[in-house]
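Reader: I am new to this structure. Please walk me through it.

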Amino acid sequence: MLNIVLFGPPGAGKGTQAQRMMDATGLPQVSTGDMLRAAVKAQTDVGLEAKNYMDSGALVPDQVIIDLIKDRMQEDDAKGGVMFDGFPRTVPQAEALAEIVDVSIVLAIDVPDERIVERICGRFSCGNCGAVYHDSFNPLPETGCTCGSFAEKRRADDTEQTVVARLEAYHQQTAPLADFYRASGLLHLIDGDRDIDLITADMLKALN
Ligand code: AMP
């Protein structure tokens, strides 16, 4: 059973790569960001609690996230392994995860801060199939989205103001996790400042 953690700053390409790796490995993507956005939209208790943190670019409290993951990992499709995207983001989250499953490998996508802002401001996705695009770096094909039914979606927190706070949260709370996983020999660094296909190829090589 393979449990993969995709690790890296906001805008590193975790979501884009998760989708491609999902196709290649058959593992479901478990994105706490996606789960929280769905909760906000549905106005559940979790969504109402998470919204202010997300809007300001801060991390949602660990216990909220850990409870979400515990529930998610009970679902049938998680039994054969998953690909975590955007989780864990703090050392307590990683410690809680270790109690739930064995992490097989951590793929850490490395992208310098100066690239992050331009990557995040300009990205959009297809509300129908979830494919991720970018105005400059990964534009929508002239023929439209491959799913055949494009619906443009931009995230509320993909703004220049929020990116600064999200990057700060990353450096203060999430980056220390690299040492946590390096110490257990699970960390695999991937240069994320390259062509999207090359990054995918590197990741698949790391899994083999
Ligand atoms: P993402 O889609 O991964 O960029 O997450 C969007 C926002 O959701 C983040 O800026 C946080 O506010 C929140 N979030 C997502 N995942 C986590 C997590 N593992 N821990 C804490 N907050 C999270």
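**Ligand and sheet**

Reader: Which atom of the ligand lies 2.9 Å from a polar side-chain atom of Arg37?
Author: This is a predicted model, where local features need pLDDT of at least 70, side-chain atom pairs count only at pLDDT 80 or more, and totals for chains, interfaces and linings use all residues. Residues are numbered from 1 along each chain as its sequence is written, and side-chain values use heavy atoms, with hydrogens and water left out. A polar contact is a pair of N or O atoms within 3.5 Å. At 2.9 Å from the polar side-chain atom of Arg37 lies an oxygen atom.

Reader: Which atom of the ligand lies 2.8 Å from a polar side-chain atom of Thr32?
Author: Gly86 places a backbone N or O atom 3.0 Å from a nitrogen atom of the ligand. For the side chain of Thr32, the ligand atom at 2.8 Å is a nitrogen atom.

Reader: Which element gives the largest share of the shell around the ligand?
Author: The ligand is surrounded by 16 residues, counted if a heavy atom lies within 4 Å. Seven are nonpolar, four polar and five charged. The largest share is four residues, and they come from α2.

Reader: What is the order of the strands in the open sheet?
Author: Strands are DSSP runs of E, at least two residues, and two strands pair if DSSP finds at least two bridges between them. The sheet has five strands with parallel pairing. Its edge strands are β2 (29-31) and β8 (187-191). The order is β2-β3-β1-β4-β8.

Definitions and conventions: A polar contact is a pair of N or O atoms within 3.5 Å; within protein, one must be able to donate a hydrogen and the other to accept it, and residues adjacent in sequence count only if both atoms are side-chain atoms. Ala, Val, Leu, Ile, Met, Phe, Trp, Tyr, Cys and Pro count as nonpolar, Asp, Glu, Lys and Arg as charged, and the others, Gly among them, as polar.
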